[in-house]
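Please read the following report alongside the sequence and the model.

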Amino acid sequence: MTLIRCDKLTRVYQGGVEEIRPLDELDLAIDRGQFVALMGPSGSGKTTLLNLLAGIDRPTSGRLVIDDQSIGELSRNELAAWRADHVGYVFQLYNLVPVLNAYENVELPLLLKPMSQRERHERVSAALEVVGIADRHAHYPRQLSGGQEQRVAIARAIVTEPTLLLADEPTGDLDKASATAVMELLKRLNQEQGRTIVMVTHDTTTAEYADLLLHLEKGRLLEKEEAST
Amino acid sequence: MMLRTIPLVLKQITRSPIRSGLTVGGIAIAMFLFCFVEAMRDGVGEATNASAEDATLIVYRQNRYCPFTSKLPQYYGDRIEEIEGVTSAVPVQITVTNCRASLDVVTFRGVPVGELEDVLEPGWRIADGSLAEWRTRGDGALIGEAMANRRGIGVGDRFSAAGITVYVAAILESDAAQDRNVSYVQLPFLQETLKTGGTGGVVTQFSVRVDDPLVMEEVARAIDSEFRYDEHPTSTSSEKAFVGRAARDIIEIVGFATWLGWGALVTVFALVANAIVLAMRDRIRDHAVLQTLGFTGGLIGFMVVFEGAVLGIVGGGIGTLAAWGIARVGHFSMTMGGTNIEISSNPMLLVLGIALAVALGILAGVVPAWRVSRREIAHSFRTV
Ligand SMILES: Nc1ncnc2c1ncn2[C@@H]1O[C@H](COP(=O)(O)OP(=O)(O)O)[C@@H](O)[C@H]1O
Ligand SMILES: [Mg+2]
C-alpha cells in the first residue's frame, strides 16, 4: 500500500544568478511500513527531499501525495496542522530546545493536541520508556550525551504517533556505540510499531538497517535496491 | 492552544535568568523614573489646575513672590470685604524656612483665630487632636497630615522651624495639597514672634472667598483697582494661579522632567525590543523546530509578543510600585514661595505605569513576532 508518491517532484532555488535544482523531476513511491534509507553524495538533494516529505518545504513543481493528501494544495496553517498530525522529524543535531528538559521537549508536540495534561503525561512517559531514557526525563539537553539527546529527539518525533518518521543523518554526529543504539531503536520502531521511516544517511552500515535503499544523485533517483535482510 | 504555550514562554524567560534579569531591571529603573516624573506632574496639576468649584483668591503684594517680601497692611482686609462678591477676607501671615524651590520646607500660616474656617479649603477634617485646643493655646499649631507624616510629628509634640516653636494641637486632613502641607498658627502669635506685628500689623497675603466662582476674575480685578494708587498695590489671582506663579521654578523643572519621562518610555521600548531581537536571533533554530512540530507562525508570533508583555509587566510592575510606594511613604512635597506641590501617590499612577509598560512590551514584540511568524522553516535550518 503506497503511503508516499512523488510525481516529477522538483525543487528549484534561486541561488544568485543561476538557479539550483536539488530535486529534478523525481518519481518515487514508498509503501506504508517501509524503512527506507536515502543515500547519495553531499549536495545531491537528500535533505531537500526529506524537507518536502516533512511538509516544511514546498515543491516548485510536480506532485507530492502523502497518505492521500496532496501536500502542495495545503495553506501554510493547514500544512502546520498536517505536520503535527503526520510527521515526526529527527535531525542530525538533535535540535532539542535547550531551555526545556527532556520531558518538556518530548511534550512539545502534544501541546498542539486536544489532550489533558494527564493524557500528555502518559504519552510522554511511554515515549521516554520506548527510547530507554525515562530515568533522565528531568535532564536538560546540555546534561545529556549526544546519543541520549538523539533518543530524546526520537521520543519527541514518535510521541504523536505520526504516519511518517523522517530522519536526516540521525547518527551523523554520534560515536559508534550510540549510533548502533539509535539504529536498533529505529529498527524496533519500524518492526514493532510498523512505523514508516525515511532516513537519510551516507553511512553504509547505518543503511543496512533499512529494507529499501535509494540512491540520489543530482536530484534524481539512481537505482533502487532491496536490502538484504 | 495559546494558553498552553504560556508556560513555555515563562520557561524561556525564567531559565535565562541573567538576560531576563538585566532586561527586567532596566525596565524597572526606567519605569521608576517615568512614574516619579508622572507623580510630580500629577502634583503640579493638582496644585495648579483650576477647577469649577474654586472660590478662593489670594491677594499678594504686587511684584513680590516670596512671603518674606510680600507685606500688606492688615486693615486692607476690611476694605476687601466691602467689595461686592467677597464673602470673607482673612489676613494670613506666612513664614517659611526657605523661600526657594526645595523639598521639605516648613510653612507657617498665621490666621486670626476666629477665621480659620474661612481659609481652609472645604472638605477638611481634624484627624487627631482638637481644634478647641488650637484656639485656646497661643502657640498651638494645626499641622497638615502630609507634613506631619513627613516630619513624624503628632499631637502633643513641640516642634520648631524657622525660629518658631509651636505646640502641635491637631492634625488636619484635607483634599487640598496646600492645606495638607502647612502648619496653621494663630496670626498674633506669628506676628509677635516675627516682630512684624502689633495691632493693625502687617500680613503677607489675604485669603479671599468669593460667593460665586463665576465672578472670581471680576472680584480679583476689583480688589487690585481698589489698591492701585495705594502705597502697597496688590496682585490678586485664584489660589491655583497663585501657586502656578509662586512655584514657577518647580513647574518649569517638572515640565522639563516630562522629557525625561518620555525618554524613560523610549528606554523601556528599546530594552524590550533589544531583548527580543537578540532572543529571536538565538532561537532561530528553536522556532524552526517548533514549526516543524506543527506550531503555526501565528502561534509562535503570539509567544514572542507575550514574552514582551511579560517583560513589560514584571519590569514595569517593579519600577512603578517602587516609585509609587516611595511617594506614598515619603509624602514628598516640593515647596517654593510658601506654596506646596506634592509628589502624588495617586493609585492611578500604578495603573498608568503598568499599563504603559505592558503596552510598550507588546509593541516592542510585534515587529519581531511578525517577522518570526513568516520565516521559512527549511531556510531557518540552513542559516544556523
Ligand atoms: N534554501 C536554499 N537556497 C539555495 N540553495 C539551496 C537551499 N537549500 C539547498 N540548497 C542547495 O541544494 C543542494 C542540495 O542540498 P541538500 O538537499 O541539503 O543536499 P544533501 O542533503 O544531499 O547534502 C545544495 O547544492 C544546496 O546548496
Ligand atoms: Mg543534508
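## A salt bridge within chain A

A:Arg120 and A:Glu107 form a salt bridge whose closest N and O atoms are 3.0 Å apart, the term being used for a side-chain nitrogen of Lys or Arg within 4 Å of a carboxyl oxygen of Asp or Glu. Because A:Arg120 belongs to helix 4 (residues 117–130) of chain A and A:Glu107 to helix 3 (residues 102–107) of chain A, the pair ties together parts that are 13 residues apart in sequence. Helices here are DSSP runs of H or I with at least four residues, strands are runs of E with at least two, and both are numbered from the N terminus. Over all chains, the count by this rule comes to 27 salt bridges.

## Basis of the values

This is a predicted model, in which local features need pLDDT of at least 70 and side-chain atom pairs count only at pLDDT 80 or more, whereas totals for chains, interfaces and linings use all residues. Residues are numbered from 1 along each chain as its sequence is written, chains are lettered from A and ligands numbered from 1 in the order in which they are written, and side-chain values use heavy atoms, with hydrogens and water left out.

## The site of ligand 1

Ligand 1 lies between chains A and B, and the residues around ligand 1 (those with a heavy atom within 4 Å) include A:Tyr13, A:Lys46, A:Thr48 and B:Arg382. By class, this shell has 4 nonpolar residues (Ala, Val, Leu, Ile, Met, Phe, Trp, Tyr, Cys and Pro), 2 charged ones (Asp, Glu, Lys and Arg) and 6 polar ones (the others, Gly among them).

Strand 2 (18–31) and helix 1 (46–54) of chain A are the elements that give two or more residues to the shell, and the largest share, 3 residues, comes from helix 1.

## Where chains A and B meet

The contact (heavy atoms within 4.5 Å) takes 32 residues from chain A and 25 residues from chain B. The area buried between the two chains, meaning the accessible area (1.4 Å probe) lost on putting them together, summed over both, is about 2,400 Å², and carbon and sulfur atoms give 57% of it.

Between chain A and chain B the count is 3 salt bridges; in one salt bridge, the side chains of B:Lys11 and A:Glu104 meet at 3.2 Å, N to O. Helix 1 and helix 2 (76–86) of chain A each supply at least two residues of the side of chain A that touches chain B, where the largest share, 5 residues, comes from helix 2. By class, that side has 19 nonpolar, 6 polar and 7 charged residues.
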